[in-house]
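Morning, everyone. Let me put the structure up, and then we go through it piece by piece.

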Amino acid sequence: MMHILVLHGPNLNLLGGREPEWYGRHSLDEINQKLLAFGGQAGITIETFQSNAEGALVDAIQGAIGKTDAIVINPAAYTHTSVAIRDALLAVGIPTVEVHLSNIHGRESFRKRSLIADIVIGQIAGFGTQSYLLGIQGAIDYLQTQTIKEDKTV
Ligand code: DQA
């Protein structure tokens with residue numbers, strides 16, 4: 001069964017009360033419940049993890065080797081600063097989708113730069129909780145397309 005790891009970066013544990021004009025009113029628990037339900041409907045397993053610590057996110061990415069088919073990550077503020085998360089994703093080579101609740105391209109200029117945008121399958125931003133669901137669906141579609149391609153080359 002396909003397995004997807006969803007990673008949430010710093011301050012996303014405060015969702016629900018944190019700047020709802022940007023991030024909506026769903027708590028992280030509510031979002032995670034939606035993701036798990038979506039995974040169940042899609043016939044895949046989903047694991048979620050949130051940390052405020054860059055190193056813990058790096059550890060989670062490294063820990064995904066051999067266990068996870070794809071990563072869906074909202075690195076939050078680390079999107080704009082973390083070479084360590086970029087390097088970890090490059091090191092593990094697991095297909096990754098970048099997601100953001102808000103449209104980072106329509107906000108302050110420092111948010112427009114993502115240090116992982118060029119190494120992920122794609123980026124989804126601006127759809128609130130739906131960004132995660134679109135990201136998971138995108139990862140599933142990507143993995144299925146890869147499988148078809150591999151079958152054809154055999
Ligand atoms: C965010 C956007 C980031 O700029 C910000 O630091 C976040 C959340 C989003 O989901 O819109 O914490 O990644």
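His8 is buried, at 0% relative accessibility. Buried means under 20% relative accessible area, exposed means over 50%, and partly exposed is in between, with a 1.4 Å probe and protein chains only. His8 sits in strand S1. Helices here are DSSP runs of H or I with at least four residues, strands are runs of E with at least two, and both are numbered from the N terminus.

A word on the source. This is a predicted model, where local features need pLDDT of at least 70 and side-chain atom pairs count only at pLDDT 80 or more, while totals for chains, interfaces and linings use all residues. Residues are numbered from 1 along each chain as its sequence is written, and side-chain values use heavy atoms, with hydrogens and water left out.

Back to His8. Which side chain does His8 join in a polar contact? Asn32, at 2.8 Å. A polar contact is a pair of N or O atoms within 3.5 Å; within protein, one must be able to donate a hydrogen and the other to accept it, and residues adjacent in sequence count only if both atoms are side-chain atoms. Leave aside neighbours within four places in sequence, and His8 is in contact with Leu28, Asn32, Thr48, Phe49, Gln50, Ser51, Leu57, Asn74 and Tyr132. Contact means heavy atoms within 4.5 Å.

Pick up Asn74 from that list. Asn74 belongs to strand S3. Is Asn74 buried or exposed? Buried, at 4% relative accessibility.

Now helix H3, residues 54-63. Its buried residues are Leu57, Val58, Ala60 and Ile61. Down the axis of H3, they fall within an arc of 160 degrees, so they line one face of the helix. The arc is that of the directions from the helix axis to the C-beta atoms. In general, an α-helix has 3.6 residues a turn, so residues three or four places apart point the same way. What covers the buried residues of H3? The cover includes strand S1 (3-8), strand S2 (45-50), S3 and H4. Gly55 is also in H3, but Gly55 is partly exposed, with a relative accessible area of 42%.

On to helix H4, residues 83-92. Ile85, Ala88, Leu89 and Val92 are its buried residues. Why do they sit on the same side of H4? Because they cover an arc of only 95 degrees around the axis. Their cover includes helix H3, strand S3 (70-74) and strand S4 (96-100).

Look at the ends of H4. Ser82 caps the N-terminal end, with a side-chain oxygen 3.4 Å from the backbone nitrogen of Ala84. Just after H4, Gly93 has a positive phi of about 65 degrees.

Gly55 and Ala84 are 29 residues apart in sequence and 8.1 Å apart in space, C-alpha to C-alpha. Val83 and Pro20 are 63 residues apart in sequence and 28 Å apart in space, also C-alpha to C-alpha.

Next, the loop between S1 and helix H1 (20-23). Asn11 lies there. Asn11 is not a glycine, yet its phi is positive, about 75 degrees. Glu19 is in that loop as well, with a positive phi near 35 degrees. Asn11 is partly exposed at 35% relative accessibility, and Glu19 is partly exposed with a relative accessible area of 35%.

Now the loop between S4 and strand S5 (122-125), where Lys112 is placed. Lys112 is partly exposed, at 41%. Beyond neighbours within four places in sequence, Lys112 is in contact with Ile104, His105 and Arg107. Lys112 and Thr79 are 33 residues apart in sequence and 9.5 Å apart in space, C-alpha to C-alpha.

Last item: pockets. How many residues line the largest pocket? There are 16, and Arg18, Tyr23, Ala76, Ala77 and Arg111 lie nearest its centre. A pocket, on a 1 Å grid over the protein atoms alone, is an open set of points where a 1.4 Å probe fits, with protein on both sides within 12 Å along at least five of seven lines; lining residues have an atom within 4 Å of a point.
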